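Please read the numbered points alongside the model.

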Amino acid sequence: MPEFIDYTVEDHVGVITLNRPETMNALNRQMYAELEQAFRDAHRDPDVRCVVLTGNGRAFCSGDDVRQIMLGEQRDETVARLRDAKPKPTPAGTAVLDCDKPVICAVNGAAVGWGMDLALFADIRIASESAKFGELFIKRGLVADLGGLWRLPRVVGPSKAAELLFTGDIIPAQEAERIGLVSRVVPPAELMPAAMEMARKIAQNPPIALRYMKEGLRRSVHGTMAEMGEYVGNSLAYLFTTEDHKEGALSFVERREPVFKGR
(Lines give C-alpha, C1' and ligand atoms only; values in the text may rest on other atoms or scores of the structure.)
Protein backbone atom coordinates (compact mmCIF):
# COMPACT_ATOMS: atom_id res chain seq x y z
CA MET A 1 0.00 0.00 0.00
CA PRO A 2 1.30 3.48 -0.86
CA GLU A 3 2.32 5.52 2.15
CA PHE A 4 2.32 9.04 0.74
CA ILE A 5 -0.08 8.93 -2.25
CA ASP A 6 -3.82 8.21 -2.19
CA TYR A 7 -5.47 6.98 -5.39
CA THR A 8 -9.20 6.40 -5.83
CA VAL A 9 -11.52 6.01 -8.82
CA GLU A 10 -15.16 7.08 -8.92
CA ASP A 11 -17.47 7.91 -11.84
CA HIS A 12 -14.62 7.40 -14.33
CA VAL A 13 -12.48 9.98 -12.49
CA GLY A 14 -9.19 8.99 -10.86
CA VAL A 15 -8.26 11.18 -7.89
CA ILE A 16 -4.57 11.27 -6.94
CA THR A 17 -3.80 13.01 -3.65
CA LEU A 18 -0.38 13.94 -2.32
CA ASN A 19 -0.60 12.86 1.32
CA ARG A 20 2.36 13.97 3.34
CA PRO A 21 0.79 17.04 4.95
CA GLU A 22 3.20 17.27 7.87
CA THR A 23 5.92 18.31 5.36
CA MET A 24 3.60 20.38 3.13
CA ASN A 25 3.66 17.38 0.78
CA ALA A 26 7.40 17.66 0.17
CA LEU A 27 8.61 14.85 -2.05
CA ASN A 28 11.13 12.20 -1.04
CA ARG A 29 12.21 9.28 -3.22
CA GLN A 30 9.41 6.98 -2.05
CA MET A 31 6.77 9.62 -2.69
CA TYR A 32 8.17 10.25 -6.18
CA ALA A 33 7.92 6.51 -6.90
CA GLU A 34 4.37 6.29 -5.56
CA LEU A 35 3.31 9.32 -7.61
CA GLU A 36 4.77 7.76 -10.74
CA GLN A 37 2.95 4.47 -10.06
CA ALA A 38 -0.39 6.20 -9.47
CA PHE A 39 -0.22 7.94 -12.84
CA ARG A 40 0.90 4.75 -14.59
CA ASP A 41 -2.11 3.00 -13.04
CA ALA A 42 -4.48 5.76 -14.17
CA HIS A 43 -3.02 5.62 -17.67
CA ARG A 44 -3.63 1.86 -17.92
CA ASP A 45 -7.06 1.77 -16.26
CA PRO A 46 -9.82 1.67 -18.94
CA ASP A 47 -12.34 2.84 -16.33
CA VAL A 48 -10.50 6.14 -15.85
CA ARG A 49 -11.37 8.90 -18.30
CA CYS A 50 -10.03 11.92 -16.41
CA VAL A 51 -7.61 12.45 -13.51
CA VAL A 52 -7.70 15.03 -10.70
CA LEU A 53 -4.45 15.72 -8.86
CA THR A 54 -4.47 17.57 -5.53
CA GLY A 55 -2.77 17.77 -2.13
CA ASN A 56 -3.84 17.01 1.42
CA GLY A 57 -3.45 19.75 4.04
CA ARG A 58 -2.51 23.39 3.66
CA ALA A 59 -0.12 22.92 0.73
CA PHE A 60 -0.35 21.35 -2.70
CA CYS A 61 3.36 20.50 -2.86
CA SER A 62 6.37 22.34 -1.44
CA GLY A 63 8.76 20.62 -3.84
CA ASP A 64 11.62 18.34 -2.90
CA ASP A 65 12.21 17.39 0.71
CA VAL A 66 15.36 19.49 1.10
CA ARG A 67 16.59 17.64 4.19
CA GLN A 68 16.37 14.22 2.51
CA ILE A 69 17.02 14.83 -1.19
CA MET A 70 19.41 17.80 -1.16
CA LEU A 71 21.18 17.40 2.18
CA GLY A 72 20.43 13.88 3.42
CA GLU A 73 20.95 10.25 2.54
CA GLN A 74 19.06 10.52 -0.78
CA ARG A 75 21.40 13.18 -2.23
CA ASP A 76 23.94 10.68 -3.60
CA GLU A 77 21.20 8.70 -5.34
CA THR A 78 19.90 11.87 -6.96
CA VAL A 79 23.33 12.95 -8.19
CA ALA A 80 24.12 9.47 -9.52
CA ARG A 81 20.90 9.39 -11.55
CA LEU A 82 21.57 12.84 -13.02
CA ARG A 83 25.15 11.90 -13.95
CA ASP A 84 24.05 8.95 -16.02
CA ALA A 85 25.51 8.91 -19.54
CA LYS A 86 22.03 9.63 -20.88
CA PRO A 87 20.11 11.35 -18.06
CA LYS A 88 16.35 11.09 -18.40
CA PRO A 89 13.53 13.33 -17.16
CA THR A 90 12.17 12.78 -13.66
CA PRO A 91 10.16 9.51 -13.94
CA ALA A 92 7.21 10.87 -11.94
CA GLY A 93 7.01 13.91 -14.22
CA THR A 94 7.21 11.71 -17.29
CA ALA A 95 4.37 9.56 -15.92
CA VAL A 96 2.12 12.62 -15.62
CA LEU A 97 3.00 13.79 -19.12
CA ASP A 98 2.60 10.28 -20.56
CA CYS A 99 -0.87 9.83 -19.05
CA ASP A 100 -3.26 9.83 -22.00
CA LYS A 101 -6.24 10.90 -19.86
CA PRO A 102 -6.92 14.62 -19.29
CA VAL A 103 -5.31 15.75 -16.01
CA ILE A 104 -6.78 18.51 -13.84
CA CYS A 105 -4.63 19.91 -11.04
CA ALA A 106 -6.62 21.25 -8.07
CA VAL A 107 -4.03 23.47 -6.39
CA ASN A 108 -5.12 23.74 -2.77
CA GLY A 109 -2.15 25.70 -1.39
CA ALA A 110 1.52 26.39 -2.03
CA ALA A 111 2.85 24.91 -5.28
CA VAL A 112 6.53 25.79 -5.24
CA GLY A 113 9.71 24.30 -6.67
CA TRP A 114 8.95 20.89 -8.14
CA GLY A 115 5.43 21.37 -6.79
CA MET A 116 4.89 24.14 -9.35
CA ASP A 117 6.46 21.99 -12.04
CA LEU A 118 4.09 19.17 -11.08
CA ALA A 119 1.10 21.49 -11.46
CA LEU A 120 2.41 22.53 -14.87
CA PHE A 121 2.49 18.91 -16.04
CA ALA A 122 -1.33 18.89 -15.82
CA ASP A 123 -3.56 19.92 -18.72
CA ILE A 124 -5.80 22.21 -16.65
CA ARG A 125 -5.14 24.01 -13.36
CA ILE A 126 -7.77 25.29 -10.92
CA ALA A 127 -6.50 27.11 -7.84
CA SER A 128 -7.80 27.85 -4.38
CA GLU A 129 -7.70 31.50 -3.31
CA SER A 130 -5.02 30.42 -0.83
CA ALA A 131 -2.77 28.90 -3.51
CA LYS A 132 0.56 30.41 -4.46
CA PHE A 133 3.15 29.52 -7.06
CA GLY A 134 6.91 29.82 -7.28
CA GLU A 135 9.77 28.38 -9.35
CA LEU A 136 12.25 28.38 -6.47
CA PHE A 137 15.02 26.41 -8.19
CA ILE A 138 17.24 29.44 -8.72
CA LYS A 139 17.15 30.05 -4.94
CA ARG A 140 18.69 26.59 -4.47
CA GLY A 141 21.32 27.03 -7.16
CA LEU A 142 19.47 24.70 -9.54
CA VAL A 143 17.43 24.77 -12.75
CA ALA A 144 13.77 23.86 -13.09
CA ASP A 145 12.51 20.53 -14.39
CA LEU A 146 10.50 20.15 -17.60
CA GLY A 147 7.55 21.88 -15.96
CA GLY A 148 9.41 25.17 -15.66
CA LEU A 149 11.72 25.05 -18.66
CA TRP A 150 9.44 23.34 -21.19
CA ARG A 151 5.81 23.82 -20.09
CA LEU A 152 5.87 27.23 -18.37
CA PRO A 153 6.96 29.28 -21.44
CA ARG A 154 4.18 27.69 -23.45
CA VAL A 155 1.60 28.53 -20.78
CA VAL A 156 2.51 32.10 -19.82
CA GLY A 157 4.88 33.14 -22.62
CA PRO A 158 8.71 33.26 -22.73
CA SER A 159 9.09 36.66 -21.07
CA LYS A 160 6.89 35.96 -18.05
CA ALA A 161 8.41 32.50 -17.71
CA ALA A 162 11.89 34.03 -17.69
CA GLU A 163 10.82 36.48 -14.98
CA LEU A 164 9.45 33.72 -12.75
CA LEU A 165 12.41 31.41 -13.34
CA PHE A 166 15.14 34.05 -12.95
CA THR A 167 13.71 35.74 -9.84
CA GLY A 168 12.22 32.75 -8.02
CA ASP A 169 9.35 35.07 -7.04
CA ILE A 170 6.24 33.58 -5.43
CA ILE A 171 2.95 34.81 -6.89
CA PRO A 172 -0.57 34.53 -5.45
CA ALA A 173 -3.43 32.66 -7.10
CA GLN A 174 -4.98 35.85 -8.47
CA GLU A 175 -1.78 36.76 -10.33
CA ALA A 176 -1.52 33.18 -11.59
CA GLU A 177 -5.00 33.53 -13.06
CA ARG A 178 -4.17 36.89 -14.64
CA ILE A 179 -1.16 35.49 -16.52
CA GLY A 180 -3.00 32.34 -17.59
CA LEU A 181 -1.14 29.93 -15.32
CA VAL A 182 -4.47 28.72 -13.90
CA SER A 183 -7.89 28.59 -15.52
CA ARG A 184 -9.75 29.96 -12.53
CA VAL A 185 -9.54 30.73 -8.83
CA VAL A 186 -12.21 29.60 -6.37
CA PRO A 187 -12.74 29.76 -2.59
CA PRO A 188 -10.96 26.91 -0.75
CA ALA A 189 -14.19 25.06 0.06
CA GLU A 190 -15.18 25.07 -3.63
CA LEU A 191 -11.89 23.80 -5.05
CA MET A 192 -12.50 20.04 -5.14
CA PRO A 193 -16.19 20.37 -6.06
CA ALA A 194 -15.16 22.61 -8.99
CA ALA A 195 -12.39 20.23 -10.07
CA MET A 196 -14.63 17.17 -9.80
CA GLU A 197 -17.44 18.89 -11.68
CA MET A 198 -15.09 19.64 -14.55
CA ALA A 199 -13.59 16.13 -14.42
CA ARG A 200 -17.02 14.48 -14.56
CA LYS A 201 -18.02 16.76 -17.44
CA ILE A 202 -14.90 15.70 -19.35
CA ALA A 203 -15.41 12.04 -18.43
CA GLN A 204 -18.87 12.09 -20.01
CA ASN A 205 -17.24 12.51 -23.42
CA PRO A 206 -16.06 9.59 -25.59
CA PRO A 207 -12.78 8.38 -24.06
CA ILE A 208 -11.10 7.36 -27.32
CA ALA A 209 -11.67 10.80 -28.82
CA LEU A 210 -10.43 12.39 -25.59
CA ARG A 211 -7.15 10.50 -25.86
CA TYR A 212 -6.71 11.52 -29.48
CA MET A 213 -7.58 15.13 -28.64
CA LYS A 214 -4.97 15.20 -25.87
CA GLU A 215 -2.31 13.68 -28.12
CA GLY A 216 -3.16 16.27 -30.78
CA LEU A 217 -2.61 19.09 -28.29
CA ARG A 218 0.69 17.53 -27.27
CA ARG A 219 1.87 17.31 -30.88
CA SER A 220 0.78 20.88 -31.63
CA VAL A 221 3.64 22.15 -29.47
CA HIS A 222 6.25 21.15 -32.05
CA GLY A 223 4.28 19.97 -35.08
CA THR A 224 4.11 21.87 -38.38
CA MET A 225 0.78 22.64 -40.03
CA ALA A 226 1.35 19.78 -42.46
CA GLU A 227 2.20 17.33 -39.67
CA MET A 228 -0.85 18.37 -37.66
CA GLY A 229 -3.03 18.07 -40.74
CA GLU A 230 -1.80 14.52 -41.24
CA TYR A 231 -2.48 13.71 -37.57
CA VAL A 232 -6.01 15.12 -37.78
CA GLY A 233 -6.75 13.16 -40.95
CA ASN A 234 -5.43 9.87 -39.54
CA SER A 235 -7.26 10.40 -36.27
CA LEU A 236 -10.58 11.14 -37.91
CA ALA A 237 -10.20 8.18 -40.26
CA TYR A 238 -10.10 5.95 -37.17
CA LEU A 239 -12.58 7.83 -34.99
CA PHE A 240 -15.24 7.70 -37.71
CA THR A 241 -15.19 3.89 -37.31
CA THR A 242 -15.84 3.90 -33.54
CA GLU A 243 -19.12 3.05 -31.84
CA ASP A 244 -18.79 6.23 -29.78
CA HIS A 245 -18.85 8.37 -32.93
CA LYS A 246 -21.99 6.62 -34.12
CA GLU A 247 -23.57 7.09 -30.69
CA GLY A 248 -22.65 10.78 -30.72
CA ALA A 249 -24.29 11.29 -34.11
CA LEU A 250 -27.38 9.20 -33.28
CA SER A 251 -27.95 10.89 -29.93
CA PHE A 252 -27.86 14.26 -31.69
CA VAL A 253 -30.52 13.41 -34.26
CA GLU A 254 -32.58 11.54 -31.64
CA ARG A 255 -32.34 14.49 -29.25
CA ARG A 256 -31.08 12.51 -26.25
CA GLU A 257 -28.00 12.38 -24.05
CA PRO A 258 -25.27 10.13 -25.50
CA VAL A 259 -23.90 7.10 -23.65
CA PHE A 260 -20.27 6.54 -24.58
CA LYS A 261 -18.60 3.16 -23.97
CA GLY A 262 -15.04 3.71 -25.17
CA ARG A 263 -15.41 1.54 -28.23
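1. E36 and R40 form a salt bridge, with their closest N and O atoms 3.8 Å apart; a salt bridge is a side-chain nitrogen of Lys or Arg within 4 Å of a carboxyl oxygen of Asp or Glu. Both residues lie in helix α1 (residues 29–44), 4 residues apart, about one turn of the helix. E36 is partly exposed at 25% relative accessible area, and R40 is partly exposed at 23%. Buried means under 20% relative accessible area, exposed over 50%, and partly exposed in between (1.4 Å probe, protein chains only).

2. The model is predicted: local features need pLDDT of at least 70, side-chain atom pairs count only at pLDDT 80 or more, and totals for chains, interfaces and linings use all residues. Residues are numbered from 1 along each chain as its sequence is written, and side-chain values use heavy atoms, with hydrogens and water left out.

3. Helix α1 also holds R44 and D41, 3 residues apart. These two form a salt bridge with closest N and O atoms 3.0 Å apart. R44 is exposed, at 53% relative accessible area, whereas D41 is partly exposed, at 30%.

4. In helix α7 (residues 158–167), K160 and E163 are 3 residues apart and therefore separated by about one helical turn. Helices are DSSP runs (H or I, at least four residues), numbered from the N terminus. K160 is buried at 18% relative accessibility, and E163 is partly exposed at 39%. Salt bridges with shared partners join K160, E163, E175 and R178 into one network. The closest N and O atoms of K160 and E163 are 3.3 Å apart.

5. Across the whole structure, a search finds 15 salt bridges.

Note on methods
Helices (H or I, at least four residues) and strands (E, at least two) are DSSP runs, numbered from the N terminus.
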